[in-house]
Structure formats: C-alpha cells, structure tokens
Amino acid sequence: MLQVAINGYGTIGKRVADAVRQQPDMEVLGVAKTRPNFEAETAIDKGFSLYAAVEEREHLFEEAGLEIAGPVEDLVDEADVVVDATPSGIGAQNKELYEEYDTPALYQGGEDADLVDVSFNARSNFAEAADADHVRVVSCNTTGLSRVIAPLRETYGVEKVRATLVRRGGDPGQTDRGPINDILPNPVTIPSHHGPDVETIFDDLDIDTLGMKVPATQMHMHSLNVTLEEEVDAADVRELFEDESRLFLIPERMNIDGSGKLKEYALDAGRPRGDLWENCIWEESISTVGTDLYLFQGIHQESDVVPENVDAIRAITGSADAEESIETTNEALGIGL
Ligand code: NAD
C-alpha cells in the first residue's frame, strides 16, 4: 500500500484525499492543515490523521478540540509520496521540505512549470513522470484541453488549436472572488498563459488561447477550434471521443443546456460534492468544416484534476503504467457517466 500525504486540505486536497482512500493500492497517511476550520473538522470526522502545517499554529487546533497527530515534517518523512495542494506559490516554498526528507512530491497547476521535472496529464504523458521527483499536475483548464488534444493528435494530427476559455469568477466557496456583474477579458493580453501551459504537456503543439472571467462559480466553459491535419467527419470525432474514458459526451436527449444542469445531473447521479471528473462535451456542438473541428466543453475546475493526481501518484512511484492506473482510478471512483 502506497502511503500518501496530503499537504493542503482545501478544494483540491480534500477531494484528492477522498479519491486516494477509494483506491485499492494506496492509503492516506494523513492530511496537513494550517487552520482548524470546517475542513479540519470534517477531516477528523472522516478519520484522517490531522497534521499541523505550521508549528506555531498547532495550539489553535488544540484550543478547537482537534487532535493533531504531529508536525507536517513527520507526515512528509513517513510518506511514500506527498500531494501538495496548497495555494499557488506555497507549493514552491514547500519543495525544500520534500527534498529534505527525500519524498517525491506532486504539485498543482498554480505552481510554475519550471518548479518541477515534469508537468503531467495521465492521458497524454504518464510515462514521463516515472523518473521524476517533482511532478506538477497541470491546471483544470490545461487538463481539460490536454484530454481532447491527445486523441486528436494521435488519430488525425493537429495543425493548430485555438481556444477561448470562459472562466468561472471563483469557486463556490471563494466569497472574495469576482466579478459579480461583469464580463472581463482576463487575462486581457492575448494569447493567454493557458496555451503555453498546454505546451508543457505536448512537444511542438501550436496553440493560442484567450481567457475571460464571468460571474459564475460552477464550471469553466471552453469554446474550442482545432485545425486537424486531415478532413474528418464530425461523426468520426464523436466516435473517437466515445472511447475516451474521461470525456463525457452530453447526449442531446438529456436536455442539459449549461453548467447548472450538469452539476444537477452530477448530484442526482450521486457524485460526491456534485463532482464532474470528466470533460463534459456537448455532443451536438462537435462539428467539422473542412479540417476545422469545433466544440463546447464544460470543465469542473474543482474536480477534473482529482483522478489525474491519483494517476500521478502511481506514475511518480512507478507502481503502474498509464493504462492500468487510469483503469484502476476510473473504476474506484466510478468515472464514466
Ligand atoms: P484552497 O485555498 O481551496 O486550498 C488550499 C489549502 O491549503 C487551504 O486549506 C489552505 O488553508 C491550505 N494552506 C495554506 N497554506 C498552507 C501551508 N503552508 N501548508 C499547508 N496548507 C496550507 O486552494 P485550491 O483551490 O485547493 O488550490 C490548490 C492548488 O490547486 C493551487 O495550485 C491551484 O491553482 C490548484 N488548482 C485549483 C483549482 C480550483 O479550481 N480550485 C483547480 C485546479 C488546480
């Protein structure tokens, strides 16, 4: 059993902890937190050992009646791998800690690509993480784009990708984010940083991205145009995507017209926290004009990177190959709507 430490138990960390717990070949050694907030309470309720991420704040947990198993250093020392899910930039500060205890580490998309040996997407470059000590699971948007681009590149060849990312202003719990009544070009400069991030996954990919932010919290929406190296029927692309376990093609008959109904569907289907681990592609939107492919996809920012983190744990520890890992993760979580 792989012993996994989770440092940073927020939106991503708590989901990764639950997902790791469901796997047959790994367990959560403990989770580290900075504050005794509601997430610390539920971590204890779920039976996770709680470690203090910041020594000087340990007394706050004691005062709140939450038992601390030890300092984060102990957790990192004993773990086979640590998943750092701290806010952007904190992962970089923590790298020294992981190096000190010689524990391989996964970071999230908020960290810079040059912090790590490899940027990771399970479908696209799993094997590259095998000899790495520091691996970055790319952001929600980069994960969503990579999952679509990988099969298209392999099957038809990709000449150029253009994507407009309509991004949620903040996660549902991020009450300090916005806009609340505006539509922002964000970043206003073109191309946005998302394209170069996708290029950390694929060698010699030509991609330009544009970003916007809107008053929504549930999901991102991508409008995607991929120029392929050959003319392809939309029906063939649909068939290609049907075989991809982390692409969900929303059938017309479901009457799902946006991210609100998608989230409702996830909740009705009994998904934990209403999570949608798959890219949600509107099947009717998949269209081709000559060599140009178009589609709309919804990306659930809080959860699409979760199965990727689980796979990255196996990749960095060399405990499974891509196919085996993706299959195990999918089965344990129930991926595939
Ligand atoms: P979050 O703020 O919800 O959670 C981060 C947690 O880390 C919080 O509980 C915070 O208290 C804790 N923390 C802060 N400093 C710490 C420290 N020094 N040691 C340990 N814990 C510490 O953030 P998040 O949304 O889960 O994002 C985490 C990472 O995942 C970021 O790199 C982010 O860019 C990336 N990411 C976020 C999303 C998203 O939409 N939320 C999607 C994909 C990737």
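1. A residue is called near a molecule or strand if its C-beta atom, placed from the backbone, lies within 6 Å of it. Of the 27 residues around the ligand, those that come nearest are Gly8, Gly10, Ala53, Gln108 and Gly110. By type, the shell around the ligand divides into nine nonpolar, 13 polar and five charged residues. Here Ala, Val, Leu, Ile, Met, Phe, Trp, Tyr, Cys and Pro count as nonpolar, Asp, Glu, Lys and Arg as charged, and the others, Gly among them, as polar.

2. A note on the basis of these points. The model is predicted, so local features need pLDDT of at least 70 and side-chain atom pairs count only at pLDDT 80 or more, while totals for chains, interfaces and linings use all residues. Residues are numbered from 1 along each chain as its sequence is written.

3. The sheet. Helices (H or I, at least four residues) and strands (E, at least two) are DSSP runs, numbered from the N terminus. Two strands pair if DSSP finds at least two bridges between them. Eight strands form an open sheet with parallel pairing, in the order β4-β3-β2-β1-β5-β6-β8-β7. Its edge strands, each pairing on one side only, are β4 (70–71) and β7 (118–120).

4. Strand β5 and its partners. β5 (residues 81–84) pairs with β6 (residues 105–107) in the parallel sense over two bridges, and Val82 stands opposite Ala105 in β6. The pairing of β1 with β5 is also parallel and runs over four bridges; there Val4 stands opposite Val81 in β5. A residue is buried if 20 or more other C-beta atoms lie within 10 Å of its own, exposed if 12 or fewer, and partly exposed in between, with C-beta atoms placed from the backbone. Both faces of β5 are covered: Val81 and Val83 are buried on one side, Val82 and Asp84 on the other.

5. Helices against the sheet. Two residues are in contact if their C-beta atoms, placed from the backbone, lie within 7 Å. Axes are lines fitted to C-alpha atoms, for helices over the stretch in contact, and angles run from 0 to 180 degrees between N-to-C directions. Helix α5 (residues 90–100) lies across β1 (2–7), β5, β6 and β8 (134–137), and runs at about 165 degrees to β5. Helix α11 (residues 306–317) also packs on the sheet, where it touches β1, β2 (26–33), β5, β6, β7 and β8; its direction makes about 160 degrees with that of β8.

6. Helix α1. Which helix gives the largest share of the shell around the ligand? Helix α1 (residues 11–21) does, with three residues. This helix is mostly covered, eight of its eleven residues being buried. The buried residues are Ile12, Gly13, Lys14, Arg15, Val16, Ala17, Ala19 and Val20. What covers them includes β1, β2, α2 (38–45), β5, α11 and α12 (322–333).

7. One annotated group. UniProt (unreviewed entry) lists Thr11, Ile12, Gly110, Arg168 and Gln301 under "binding site". UniProt positions are given in the numbering used here, feature names are shortened, and annotations may be inferred rather than shown by experiment. Thr11 lies in helix α1 and counts as partly exposed because it has 19 C-beta neighbours inside 10 Å. Not counting residues up to four places away in sequence, Thr11 touches Asp171, Gly173 and Glu302. Gly110 sits in the loop between β6 and β7; Gly110 has 16 C-beta neighbours inside 10 Å and so counts as partly exposed. Apart from neighbours within four places in sequence, Gly110 is in contact with Pro87, Ser88 and Gly89.

8. Another annotated group. The UniProt annotation "binding site" (unreviewed entry) also covers Ser139, Cys140, Asn141, His194 and Gly195. These residues are spread over 57 residues of sequence but cluster in space, the largest C-alpha distance being 12.9 Å. His194 is found in helix α8 (residues 194–199). Why does His194 count as buried? Because 24 other C-beta atoms lie within 10 Å of His194. Leaving aside neighbours within four places in sequence, His194 is in contact with Asn141, Thr142, Leu165, Thr209 and Gly211. Gly195 is found in helix α8 and is buried, with 22 C-beta neighbours inside 10 Å. Gly195 touches Ile207, Asp208 and Thr209, not counting residues up to four places away in sequence.
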